Amino acid sequence: MAAAALCSRGPRRTGWLPALRIVRHAKSVTRHWRAMPFERQKLMAVTEHVAPKPEKCAAPRGAAAEENGYAKLLRWQVSEMFRDSKMIAVCQRDFTPSEEMLLMKHRLRKHNIHVKFFPNEIVRPYLSVSKYKNLLPLFVGCNLLIVSPEIKVKEMLRILKNVPQINLLGACVDDTILSNQGVINYSKLPTMEITQGQVVGTLSLMASQTCGLLQHSSVHLTALLDQYITQQSGGAGETDGKAGEGQAELGPAKSSEGL
């Protein structure tokens, strides 16, 4: 009793009590999934309801789909561009900042060179039926066109050299399709004025040489005749001089005989 009293007098130690949880004992599932018998599968497939398909109105024969007006405008612009331009360059365009693109357009516009953007769906059908169909392999991906009514290849290459994001694939210069290297070689040719001056100088030289060759025979013949006349006149003078000397010698002899 004393020990019990001592224990009761001391401080009580409270222990941890678990929380109460209410667990609902559900009934165990005894119906598990089971494969459908093959006979029933066939029966379900045969008796499955098939909804009828809605009927579609048949399009009238010969009626072509109406073309978009914007596509017509782009196709007309493409045809006008190829008809009025003497230089058409096809370039591949990578990502280019808008500031560099605007600066390049401004520099090209100073030389009457313009930058055009057309989707390949518009350009390729036009090229397939035109004389520029050999340009079709170049229109793959994102392309841009550099066009000009005048042939200014040197100016275009000098400006594109400062824009590495734009790569020249080929060009059509004066109805002649050129590759990238062909365009570079074309830019190294002299200008039309220099070429015309060289041709005129060559033709003038040939004309002067032809005139000289034609006149050479007559001039040579005239020189020979002059020399012959000179020789003949010199021979006649010498003969007359000798005859005068002979008469002078005979004159004194006769006078001495008369004496």
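Let me begin with terms: helices (H or I, at least four residues) and strands (E, at least two) are DSSP runs, numbered from the N terminus, and the expected span of a helix is 1.5 Å times one less than its number of residues. What you see above is a predicted model, in which local features need pLDDT of at least 70 and side-chain atom pairs count only at pLDDT 80 or more, while totals for chains, interfaces and linings use all residues. Residues are numbered from 1 along each chain as its sequence is written, and side-chain values use heavy atoms, with hydrogens and water left out.

The protein chain holds eight helices and five strands, and from the N terminus on their order is α-α-α-β-α-β-α-β-α-β-β-α-α. Of its 259 residues, 19% count as buried, where buried means under 20% relative accessible area, exposed means over 50%, and partly exposed lies in between, with a 1.4 Å probe and protein chains only. If we take contact to mean heavy atoms within 4.5 Å, then among contacts between residues at least 6 apart in sequence, 76% join residues at least 24 apart.

Now to helix 4, residues 98-110, which has 13 residues and reaches 19 Å from its first C-alpha to its last, close to the 18 Å expected. Which residues of helix 4 are buried? They are Met101, Met104 and Leu108, and because they cover an arc of only 65 degrees around the axis, they sit on the same side of helix 4; the arc is that of the directions from the helix axis to the C-beta atoms. On the other side of helix 4 we find Glu99, Leu102 and Lys110 exposed. The buried residues of helix 4 pack against strand 1 (87-93), strand 2 (114-116), strand 3 (143-148), helix 6 (153-160) and strand 4 (166-173).

Two loop residues deserve a remark on backbone angles. Most residues other than glycine have a negative phi. Asn112, in the loop between helix 4 and strand 2, has a positive phi near 60 degrees, and at 29% relative accessibility Asn112 counts as partly exposed. Asp174, in the loop between strand 4 and strand 5 (177-179), has a positive phi of about 55 degrees although it is not a glycine, and its relative accessibility of 49% makes Asp174 partly exposed as well.

Finally, the pockets, for which the grid has a 1 Å spacing over the protein atoms alone: a pocket is an open set of points with protein on both sides within 12 Å along at least five of seven lines, whereas a cavity is a set of points where a 1.4 Å probe fits but cannot get out, and lining residues have an atom within 4 Å of a point. The largest pocket holds about 420 Å³ of space, and among its 13 lining residues Ile151, Tyr186, Pro190, Thr191 and Met192 lie nearest its centre. Helix 6, helix 7 (180-187) and helix 8 (192-258) each supply at least two residues of that lining.

The second largest pocket has about 150 Å³ of space, and its lining includes Gln77, Asp84, His114 and Val147. Helix 3 (69-84), strand 2 and strand 3 are the elements that give two or more residues to this lining. Which element gives the largest share of the lining of the second largest pocket? That is helix 3, with four residues.

Definitions and conventions:
Points joined across faces, edges and corners; volume = space filled by probe spheres on them.
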